[in-house]
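Please open the model in your viewer and keep the sequence panel beside it, so that each stop can be selected by its residue number. The tour moves from stop to stop, with a look at the whole chain along the way.

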Amino acid sequence: MHARAPLPGLAWGSYPERREAPLVRWPWSRAPYRRQIAAVRAALEGWRALDASAFETRLRSLRAAIGRDGLTPQRIVEALAVAAEGARRGLGLDPYDTQLHAALIMLDNRLAEMATGEGKTLAAALAASVGALAGTPVHVLTANDYLVERDATGLAPLYQCLGLHAGHVTGTMDEATRRKAYAAPICYVTARELVFDYLRDGQRRGFARGDLQRRVMARAAGDAVQPLLRGLCMAVVDEADSLLIDEAMMPLILSRQVRDLGARAFLWQAWSLSGEMSDLDYRVDESTKQVRLTEAGRARLGARVAALGGRWRSPRLREEMLTLALTARHVYRRDVNYLIRDGQVEIIDEITGRAAPGRVWSRGLHGLVELKEGCRPSPATETLAQITFQRFFPRYHRLCGMSGTLREARGELREIYGLDVVCIPSRLPASRKSLPSRLYRARQALWDAVASRVADVRRTGRPVLVGTSSVADSESLSARLAAAGIAHRVLNARFDEDEAAIVACAGAPGQVTVATNMAGRGTDIPLGAGVVEAGGLHVMCCQFNASRRIDRQLEGRCARQGDPGSVETWISLDLPRVADVPLLALLVQRRGTVTDGEVGLGARTLRVLLGWYQWRQARQERRVRRGLLQADREWERGLSFGGPGE
């Protein structure tokens, strides 16, 4: 690994970013982390003996040495020791060995799998501090704007002790404020905001490839093309698997509004035609969210649009638009795929469960959903540039990160990003109890059983967190709990502004919280007085995710830092994806119902079937992502006369 830290200048260019494929990190090339931790502890004693003036003098000397030598193993140990001392002086926190271990892994350009509750926020801050001490502009990527502002503000005393400061970028900031934040040694930002600012920079410079081209354009245009970012030097990615795997294929499209009354009329006509189609005219694939026309449907469509003319003359275009309208009408559901807030359609992120204001579906689908819900139509747009996460992140010279759920995707992470995954043992032994899973025939029976189970658990003084798959399911369960007289709070995309307050009291004795995947990442649930003695937080997973990693994210909300806790999975046949599990329907038919709608299927058998399905889905999605990336690379090579694939 090159020891020289990437930073804007003559050596790396005015806007550093990687153009070649990233180097593959193999397990046998890992640094000796255990010896490095011991060396950091030894160096830390010297820093602790210094008063404020001597500390500052030695810190300046260290920064000069790093600037001269680069991030060599010796300099990394020294810089991490001073960062750990900065955490003690500024925050009153003495980093654990597991946090130092995670920081060393990330400074080795790798991914650290670190169990939830082990202190990933401080570990990321330590790694970012070392990068910034070397003069490298560091981007720390977190899940949402709330965490961006919280971490940048809360960690400010640490950075001040090191002579650094952290900026942060949120969705409401103007261009001047963003440029100032990116100019800071460390900038906290969400991946979405970062990518769009990168695309805006590309628009300003015309996606010029070489540094000389950029300098010529900047001199000719003055401030008009001054970039927001200082390049892609170093990124520390929190919840790395969410961005690098789950959202890897999501197109991030930079667009502008255009006036196109013909396109609006085209959408109206497609929506009207979709209402005239019968069940024999199309087939719906719920698992892929796709609609396909039958031969009868194509014939009906051709006869119906014969007199319309215009865009309807193209068979390919009219079939594509009609299938989109049918998809909006029959596949995309309110409070599952989107919600209506302030008269606008807001997409619900399937992975995080959070609303994604500003994100829109492409190819007219968003406008068709607006027609379906009677919302005011959004202005028509045209695409200026687009990219995906799996094409964006390999452009960083130093890419690293962490998550609690990485091991299942380690092969794909190495193949696409060149990243090696290193698993860190928990600081304290885990004490989570996994209880038998249950299967019910219908959601109503499931919600009745869950309400009864919640009542039993909360009587012991334990808090309960129930994970559901959608806003609609969380509200259905909420209604059932309310009918049973069980006080509770709901955390879903409708209440995202109250997330911090809801999570803060979710560990109180007897507290019941019903949540979507919003409760799975980026937040901590502190346990109230007496909860540990009562048995800790109890988690009920009432959703079936396509990936085992997402299951583990919810399970990780309990039994953190050696605390007790328990988890169990209760699902029903009519939940998303459950009916697609091979052999499950046949076994349910043979076993029958035991009582209260529960299916008499053994917990071990159910777990094996669900795990097999998730393994198959992971393989299929991995093939799709690989195919999309190969197609993107071919397209990028074909457009070699343009910019870097945008």
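Predicted model: local features only at pLDDT ≥ 70, side-chain atom pairs only at ≥ 80, totals over all residues.

## First stop: alanine 355

Begin by selecting alanine 355, which lies in strand β11, residues 355-356; helices (H or I, at least four residues) and strands (E, at least two) are DSSP runs, numbered from the N terminus. Alanine 355 is buried, with a relative accessible area of 13%, where buried means under 20% relative accessible area, exposed means over 50%, and partly exposed is in between, using a 1.4 Å probe and protein chains only.

Residues are numbered from 1 along each chain as its sequence is written, and side-chain values use heavy atoms, with hydrogens and water left out.

## The whole chain

Zoom out until the whole protein is in view, and colour it by secondary structure, which comes to 24 helices and 21 strands. The radius of gyration is 26 Å, close to the 26 Å that the globule rule gives for 646 residues, so the protein is as compact as a globular protein of that length; this radius is taken over C-alpha atoms, and the rule is 2.2 Å times the number of residues to the power 0.38. Along its principal axes the C-alpha trace spans about 80 × 70 × 45 Å, and buried residues make up 52% of the 646 residues. Among contacts with a separation of 6 or more, 76% are between residues 24 or more positions apart, a contact being heavy atoms within 4.5 Å.

Next select residues 120-133, which form helix α5, and check its length: at 1.5 Å a residue its 14 residues should span 20 Å, and its end C-alpha atoms are 20 Å apart, which agrees. The expected span of a helix is 1.5 Å times one less than its number of residues. This helix is mostly covered, since 13 of its 14 residues are buried. Within α5, pick out serine 129, which counts as buried at 0% relative accessibility. Leaving aside its neighbours within four places in sequence, serine 129 is in contact with Ala83, Leu158, Tyr159, Leu162, Leu164 and Ile186. Just after the helix, glycine 135 takes a positive phi of about 90°.

## Two residues with positive phi

Most residues other than glycine have a negative phi. Select asparagine 109, in the loop between α4 (97-107) and β1 (111-113), where phi is positive at about 60° although the residue is not a glycine. Asparagine 109 counts as buried, at 5% relative accessibility. Then move to alanine 559, in the loop between α22 (548-555) and β21 (565-572), whose phi is near 55°, a positive value in a residue other than glycine. Alanine 559 counts as buried, at 12% relative accessibility.

## Tyrosine 396

Which residues does tyrosine 396 contact, leaving aside its neighbours within four places in sequence? Select tyrosine 396 in the loop between α16 (389-392) and β13 (398-403), and you will find Arg18, His139, Leu194, Leu232, Cys233, Met234 and Ala235 in contact with it.

## Helix α18

Select residues 443-458 to show helix α18, whose 16 residues reach 22 Å from the first C-alpha to the last, close to the 22 Å expected at 1.5 Å a residue. Its buried residues include Trp447, Val450 and Val454, and the buried residues of α18 pack against β16 (438-440), β17 (464-468), α19 (471-483), β19 (512-515), β20 (537-542) and β21.

## Last stop: arginine 292

Finally, select arginine 292 in strand β8, residues 290-293, which is partly exposed, with a relative accessible area of 46%. Not counting residues up to four places away in sequence, arginine 292 touches Asp281, Tyr282, Arg283 and Asp285. Arginine 292 and leucine 322 are 30 residues apart in sequence and 9.6 Å apart in space, C-alpha to C-alpha.
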